[in-house]
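Work through the exercises below with the sequence and the coordinates at hand. Each task is followed by a solution that goes step by step.

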Amino acid sequence: MVKFSKELEAQLIPEWKDAFVNYWQLKKHVKKVKLSRKSSLTTNSSNNSHDYGLSIFDPIRSFIHRLSCNVTTTNDHPPAADQIHQVKSTISEQGEVGEEEDNDEYDDETELVDHNSYSEEEEVKLFFEKLDEELDKVNEFYRNKEREFLERGDMLNKQLQILLDLQQILVESRTRRSTNNNGSSRRLNYSPASSEFLRSYSSGPTSDSETASEFGGETTDEVISALEKNGINIVGAATRGKTKKGKPKTSMRIDIPATTPTRTITAVTSMLWEDIVNNPKKQGDYINRKKLQCAEKMIRGAFVELYRGLGLLKTYSSLNMVAFIKILKKFDKVSNRQSSVNYLKAVKRSDFISSDKVVRLMDEVESSFTKHFAKDDRKKAMKFLRPRQQKDSHTITFFVGLFTGSFVTLFAVYAILAHISGIISSSSQTDYVETVYPVFSMFALLSLHLFMYGCNLFCWKATRINYNFIFEFQSATALKYRDAFLICTCMMTSVVSAMVLHLILVSNGFSPSQVDTIPGILLLIFIGLLVCPFNILYRPTRYCFLRVIRNIICSPLYKVLMVDFFMADQLTSQIPLLRHMESTACYFLAGSFKTHEYQTCKSGKLYRELVYVISFAPYYWRAMQCARRWFDEGDVNHLANLGKYVSAMVAAGARLTYARQETQFWLIIVLVTSLIATIYQLYWDFVMDWGLLDPDSKNLWLRDELVLKKKGFYYMAIALNFVLRVAWLETVLQFKVGLIESRLLEFSLASLEVIRRGHWNYYRLENEHLNNVGKYRAVKTVPLPFRESDSDG
């Protein structure tokens, strides 16, 4: 049976780990009690051992001795009411825990102080003091989180009520327009606000983008008046003007985040208009269905996150209760006492068990979500609130092994065929390398990056880093490390198979114009699979990738999420891949595969200028993301990060120019710009992204909190990142080698950069995870469309 300590480690919420009962520390205290008890029993037996020989009174003496020990135990250590904190009736699995055999033995590596320094009674006292401290900690954290979620629930109810009332206003307005235009009213499917929600809410203007709508009729006026009485701030409601048709005009502000290009441009335009005009007049859009749909989507997402947080808090309560039961059972077992019964009665009345507010709020969220967001379809609502977890499939592992073996075999076959056919010879190497290298090296670099990402996923999972929460992935559709390895091996097997086929056809004298279409066909097949609309071959992951790439290319028009700038950082390490894409596109679009004039692209002016654009693009996108984050958050660190990417752009441009003009002047420029960019990047890697190099840390030049137990990994990571960051020296040294050797060297350096990026990824996400742990941030905070009037200043 699995140790409970390992079960607890596997099931606890990583971001709340410090708030859980310190089960491992309590085990150490129980071990101390056991050792002190053994020591006292040994001492007593040595003092009271008198060799009287065998006697018929020996069983009586033994019984009296045990009885006196039990009486002393119960009298000396009663569970004091003022020291014990209260928990409720037992959780459902409690009975199973009590009956379960306790196989959770003590760890061999448990570190103990000298157990002879305290007596058994003192150790027992210290154990209960520590137990009380842990119970205090658990209760306090639970109360704080419960209060936070309850406040969030009240706010969401108010937001939902406002949304329903605004929908009613819009529906009535459209109904009246339809009645006036057609002479008859259409029947509209609208469910009025439920009485179960809070009616006394307050909300005010929430952003600089004001939305307005024209309403008319007595019923609309009554609804607006009801909103104002309940705290809704209707702009200009007291002195509403009249439209041309004589209808009253009112306004309502809705905070819709500028997450899309249209909203971003609107927000910037509105801000500039306010700066130009001294007394700006709010120029808002109409409150239409689209605006309300955005607000509805935001509120729906907030309900989902609230329900998830409540579920986590319920799990927190259950796991802590089981931990207290387990540790008290251990104490009774080693101390030969019955203290757990009385202590547990008090623990069951404690807040984190006795309070039913979380359960009641979960029921309210379920019913509200089902009614207003799932059209009373509970099954549909539960798909949002409780998404199914994707289970690991061992079938995937089998196919990973199969494709890995196929890839190795095919690569060996390719190497043998290339040697036998003499394709890599001085006479034919130019044509073959120029045909094969750009396309196949592009796939190889992409496969290597996927392999490194699979390694990242495996390491994050092994070290309990919640990458799905950080990236805001859906756990039901998120890519697992087995899936990443499967995609990687499938891709490389396909690529090497195409290479073998291409080599066989070339060796057998087929027309080069026909044979050289194989790389292009392979590229088209992969592009077709990437954009395939059918729900096969990881469609959620493929579409998520395309959506992220779109957000990156359109920076800074889209709001920047963690996954967006993380992926943009990956692109900065794949500049060789982007340049190979340029070569491949030019090769096929210009028809070079028919004429075999490979210099057509390389000698063209446009092609040479595009090299600068492609080399700058990833850094530019990343810099624009930093600018957008500074605009949204106002943190100057984002401007400093922007400077890092600008310095990288300057260094990349200098190296490209030096490759064309190998003069002393450009050599100096390359050395200076590359040195500045490298120092900038290393500082940001170690200090800002990894959180290391803290001189005041208890871990020498690292940070206080480390996920990996062995510190040596962090020092090795620092050294490796430093070495791979200075790979640009190859540009300065200019190794004089042949065509094939130069291509292999270029591919090797590009591969090392991909490996460095994969290595960087782990520590970057580890630092992000520790930031969430330090703030106990296990649930995403979803912005709400209507802000409380107090927050409006």
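A disulfide is a covalent bond between the sulfur atoms of two cysteines. Here a disulfide is counted as a pair of cysteine sulfur atoms within 2.5 Å. The model used in these exercises is a predicted one.

**Exercise 1. Cysteines**

Determine how many disulfides the structure holds, and classify Cys-455 and Cys-626 by accessibility.

Solution. By the distance criterion, the structure holds zero disulfides. Cys-455 illustrates this count, since the nearest cysteine sulfur, which belongs to Cys-459, is 6.5 Å away, whereas the cut-off is 2.5 Å. For the accessibility, buried means under 20% relative accessible area and exposed means over 50%, with partly exposed in between. Cys-455 has a relative accessible area of 23% and is therefore partly exposed, while Cys-626, with a relative accessible area of 1%, is buried.

**Exercise 2. Helix H13**

Compare the end-to-end reach of helix H13 with the expected value, then list its buried residues and examine the residue just after it.

Solution. Helix H13 covers residues 394-421, which makes 28 residues. From its first C-alpha to its last, the helix reaches 40 Å, close to the 40 Å expected at 1.5 Å a residue. The buried residues of H13 are Ile-396, Val-400, Tyr-414 and Ala-418. Just after H13 comes Gly-422, which takes a positive phi of about 65°.

**Exercise 3. A surface patch and the helix that follows**

Identify the nonpolar surface patch that includes Leu-537, place Leu-537 in the secondary structure, and then describe Arg-547 in helix H19.

Solution. The patch is formed by Ile-521, Ile-525, Leu-529, Phe-534, Ile-536 and Leu-537, which together have about 580 Å² of accessible area. Leu-537 lies in the loop between helix H18 (517-530) and helix H19 (539-553), and it counts as exposed because its relative accessibility is 51%. Arg-547 is placed in helix H19 and counts as partly exposed because its relative accessibility is 41%. Between Arg-547 and Asp-564 there are 9.3 Å in space, C-alpha to C-alpha, at a separation of 17 residues in sequence.

**Exercise 4. His-769**

Is His-769 buried or exposed, and which residues does His-769 touch, not counting those up to four places away in sequence?

Solution. His-769 belongs to helix H29, which covers residues 739-774. Its relative accessibility is 5%, so His-769 counts as buried. With residues up to four places away in sequence left out, His-769 touches Pro-14, Glu-15, Arg-464, Ile-465, Asn-466 and Ile-470.

Definitions and conventions:
Residues are numbered from 1 along each chain as its sequence is written. This is a predicted model: local features need pLDDT of at least 70, side-chain atom pairs count only at pLDDT 80 or more; totals for chains, interfaces and linings use all residues. Side-chain values use heavy atoms; hydrogens and water are left out. Patches are made of residues with over 30% relative accessible area and no salt bridge: like charges are joined within 9 Å, nonpolar side chains (Val, Leu, Ile, Met, Phe, Trp, Tyr) within 5 Å. Accessible areas come from the Shrake-Rupley method with a 1.4 Å probe; for residues, only the protein chains shown count as cover. A salt bridge is a side-chain nitrogen of Lys or Arg within 4 Å of a carboxyl oxygen of Asp or Glu. Helices (H or I, at least four residues) and strands (E, at least two) are DSSP runs, numbered from the N terminus. Buried means under 20% relative accessible area, exposed over 50%, partly exposed in between (1.4 Å probe, protein chains only). The expected span of a helix is 1.5 Å times one less than its number of residues. Contact means heavy atoms within 4.5 Å.
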